[in-house]
Amino acid sequence: GVEQASHGAAWGRMHGGYFSDAQVARPLVEAVRSVAEKSHPAAIVDLGGGTGFLLSQVRAAGVEKDIALVNLDCSEAQLAVARTAELVPVFGSVNEFRRDGVVPDRGSVLWLMRSVLHYAGEAGLAPLLRHLRQQARPGECWIHQTACFEGEEEARCLNELYGRMHTAKWYPTRDDLRLRLEQAGWRVHSVLPAPVLHLDSAELGLRYELGDSEIRRIGEDMAGEFGSNGEVFRLTAEGFQADLRYSIWICEAL
């Protein structure tokens, strides 16, 4: 299906290597290390952990050796890259996994996630947040790096773009995400900045199987509606660029 071609070893090269860059990951990894030092979980579970890159960085940052590192993903190609002695690979969906299938013992969990919530779409976000809360125990932390926007117009721009690329991905504003998290039973302790992901139209065309003419038309239509030099969308000589603004959310299950 669409996006499968970007899985496996090729994933590390996508989007300028954003998702395999230690410097880009550092703010999230440091947040995980800091919380783990205080909470001493039995396991850190990366939900939608892909190739296991984040967990490998967490271990390299000095997280205690007796903390199990569990990598949950629904792509066999991603998990195949993640098969190392350091990581426990678990095949499963973020939407449907059960706690006892991921961490069968009674130990506590620190939950981790990067760039996953937008896959749920607007209608699926609240049910996913509730599902994640149901798998966590009160007092457990969930640290997630999620694309969200300060202003409603920025969010609307990116949502329009992804709709025109025939995806169901959806991005909230920060205020909206905070409200949805609280409604699902998560207390937001802090929101930290994370590096911006700069998207290029040529790579988006490959990822979503869009031809050059369609990409060009999408860029022109977007520029007509939102302007060509906005905060999160710009026309270029080759096509267009767009920005995904990420924040790191440190949440606790109530």
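**Figure 1. Ser 247, a buried residue of strand β10.** Because its relative accessibility is 3%, Ser 247 counts as buried in this model, which is a predicted one. Ser 247 belongs to strand β10, and its side chain makes a polar contact, at 3.4 Å, with the side chain of Arg 174. When neighbours within four places in sequence are left aside, the residues in contact with Ser 247 are His 144, Gln 145, Thr 146, Cys 148, Arg 174, Val 191, Leu 192 and Ala 194.

Figure 2. His 144, one of the residues in contact with Ser 247, has its place in strand β5. Since a residue is called buried under 20% relative accessible area, His 144 counts as buried with its relative accessibility of 0%. The side chain of His 144 makes a polar contact of 2.7 Å with the side chain of Thr 146, and Thr 146 is also among the residues in contact with Ser 247. Not counting residues up to four places away in sequence, His 144 touches Met 113, Leu 117, Leu 177, Leu 181, Ser 247, Ile 248, Trp 249 and Cys 251. For one of these residues, Leu 117, the separation from His 144 is 27 residues in sequence, while the two C-alpha atoms are 8.9 Å apart in space.

**Figure 3. The open sheet of seven strands.** The strands of this sheet follow the order β3-β2-β1-β4-β5-β10-β6, and their pairing is mixed. At the edges stand β3, residues 87-91, and β6, residues 186-193, each of which pairs on one side only. From one strand to the next, the twist averages 20°. Within the sheet, β4 (residues 109-114) and β5 (residues 141-147) are paired in the parallel sense over four bridges, and here Leu 112 is found opposite Ile 143 of β5.

**Figure 4. Two helices lying across the sheet.** Helix α1, made of residues 22-39, lies across β1 (43-47), β4, β5, β6 and β10 (246-253), and its direction is at about 170° to that of β4. Helix α5, made of residues 121-135, likewise lies across β1, β4, β5, β6 and β10, but its angle is given relative to β6, to which it runs at about 110°.

Figure 5. The 18 residues of α1 reach 24 Å from the first C-alpha to the last, which is close to the 26 Å expected at 1.5 Å a residue, although the helix has a kink of about 35° centred on Leu 28. Leu 28 is itself one of the buried residues of α1, which also include Val 24, Ala 25, Val 29, Ala 31, Val 32, Val 35 and Ala 36. In an α-helix, residues three or four places apart point the same way, because there are 3.6 residues a turn. The elements that cover the buried residues of α1 include β1, β4, β5, β6 and β10, together with helix α2 (53-60). Just after the helix, His 40 adopts a positive phi of about 50°.

**Figure 6. Strand β9 and the strands that pair with it.** Strand β9, which spans residues 240-244, is mostly covered, since four of its five residues are buried. With β7 (residues 197-200), β9 pairs in the antiparallel sense over four bridges, and Leu 197 stands opposite Leu 244 of β9. With β8 (residues 233-235), β9 is joined by three bridges, again in an antiparallel arrangement, and in this pair Leu 235 stands opposite Phe 240 of β9.

**Figure 7. Helix α6 and the elements it packs against.** Helix α6 (residues 152-164) has 13 residues and reaches 18 Å from its first C-alpha to its last, close to the expected span of 18 Å at 1.5 Å a residue. Its buried residues are Glu 154, Ala 155, Cys 157, Leu 158, Asn 159, Leu 161 and Tyr 162. These buried residues pack against strands β7, β8 and β9 as well as helices α8 (201-207) and α9 (212-226). Just after α6, a positive phi of about 65° is found at His 166.

Terms used: Residues are numbered from 1 along each chain as its sequence is written. This is a predicted model: local features need pLDDT of at least 70, side-chain atom pairs count only at pLDDT 80 or more; totals for chains, interfaces and linings use all residues. Side-chain values use heavy atoms; hydrogens and water are left out. Two strands pair if DSSP finds at least two bridges between them. Axes are lines fitted to C-alpha atoms, for helices over the stretch in contact, and angles run from 0 to 180 degrees between N-to-C directions. Contact means heavy atoms within 4.5 Å. The expected span of a helix is 1.5 Å times one less than its number of residues. The bend at a residue is the angle between axes fitted to the seven residues ending there and the seven starting there. Buried means under 20% relative accessible area, exposed over 50%, partly exposed in between (1.4 Å probe, protein chains only). A polar contact is a pair of N or O atoms within 3.5 Å; within protein, one must be able to donate a hydrogen and the other to accept it, and residues adjacent in sequence count only if both atoms are side-chain atoms.
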